[in-house]
Amino acid sequence: HEPPKNWTTEEDDLLGDFYFHNIPVSDIAGMLQRTESSIRSRINVLGLNVQKKNRSGTAIPKAVSKN
């Protein structure tokens, strides 16, 4: 079987756009011709899941530094 193909900047950008528009992982996998597990893994690598929580306001904001 083939070794995993490297992610391009364009693919990362598309993944981010799709993810933030709430497109299902299964659909993203089809569009990017990747497995669902590779999509989920890349979401974690890029920290998109954390960014999405912060955008929705459900995550705890980072402490403001007091300099």
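What percentage of the 67 residues in the protein is buried? Buried residues account for 28% of the 67, where buried means under 20% relative accessible area, exposed means over 50%, and partly exposed lies in between (1.4 Å probe, protein chains only).

1. Basis of the note. The model is predicted: local features need pLDDT of at least 70, side-chain atom pairs count only at pLDDT 80 or more, and totals for chains, interfaces and linings use all residues. Residues are numbered from 1 along each chain as its sequence is written, and side-chain values use heavy atoms, with hydrogens and water left out.

2. Overall make-up. The protein has four helices and zero strands, and its elements follow the order α-α-α-α from the N terminus. Helices (H or I, at least four residues) and strands (E, at least two) are DSSP runs, numbered from the N terminus. Of the contacts in the protein with a separation of 6 or more, 52% are between residues 24 or more positions apart; contact means heavy atoms within 4.5 Å.

3. Helix 1 against helix 2. Helix 1 (residues 9-20) packs on helix 2 (residues 25-32) at an angle of about 155 degrees, and their axes are 10 Å apart. The two are therefore roughly antiparallel; angles over 145 degrees receive this name, those under 35 count as roughly parallel, 65 to 115 as roughly perpendicular and the rest as oblique. Axes are lines fitted to C-alpha atoms, for helices over the stretch in contact, and angles run from 0 to 180 degrees between N-to-C directions. From helix 1, Glu-11, Leu-14, Leu-15, Phe-18 and Tyr-19 meet Ile-28, Met-31 and Leu-32 of helix 2. By class, this contact of helix 1 with helix 2 holds seven nonpolar, no polar and one charged residues. Here Ala, Val, Leu, Ile, Met, Phe, Trp, Tyr, Cys and Pro count as nonpolar, Asp, Glu, Lys and Arg as charged, and the others, Gly among them, as polar.

4. Helix 2 against helix 3. The angle between helix 2 and helix 3 is about 105 degrees, with their axes 8 Å apart, so helix 2 is roughly perpendicular to helix 3. Val-25, Ser-26, Ile-28, Ala-29 and Leu-32 in helix 2 meet Glu-36, Ile-39, Arg-40 and Ile-43 in helix 3. The classes in the contact of helix 2 with helix 3 are six nonpolar, one polar and two charged residues.

5. Nonpolar core. The largest nonpolar core has 12 residues, including Trp-7, Phe-18, Tyr-19, Ile-28, Ile-43 and Leu-48. Such a core is a set of buried Ala, Val, Leu, Ile, Met, Phe, Trp, Tyr and Cys residues joined through side-chain atoms within 4.5 Å. Helix 1, helix 2 and helix 3 (36-46) are the elements that give two or more residues to this core.

6. Tyr-19. This residue of helix 1 is buried, with a relative accessible area of 16%. Residues up to four places away in sequence aside, Tyr-19 touches Ile-28, Ile-43, Leu-48, Asn-49 and Lys-52. Tyr-19 and Leu-48 are 29 residues apart along the chain, with 7.8 Å between their C-alpha atoms.

7. Positive phi values. Most residues other than glycine have a negative phi. Asn-22, in the loop between helix 1 and helix 2, has a positive phi near 60 degrees and is exposed at 55% relative accessible area. Gln-33, in the loop between helix 2 and helix 3, has a positive phi near 55 degrees and is exposed at 66%.
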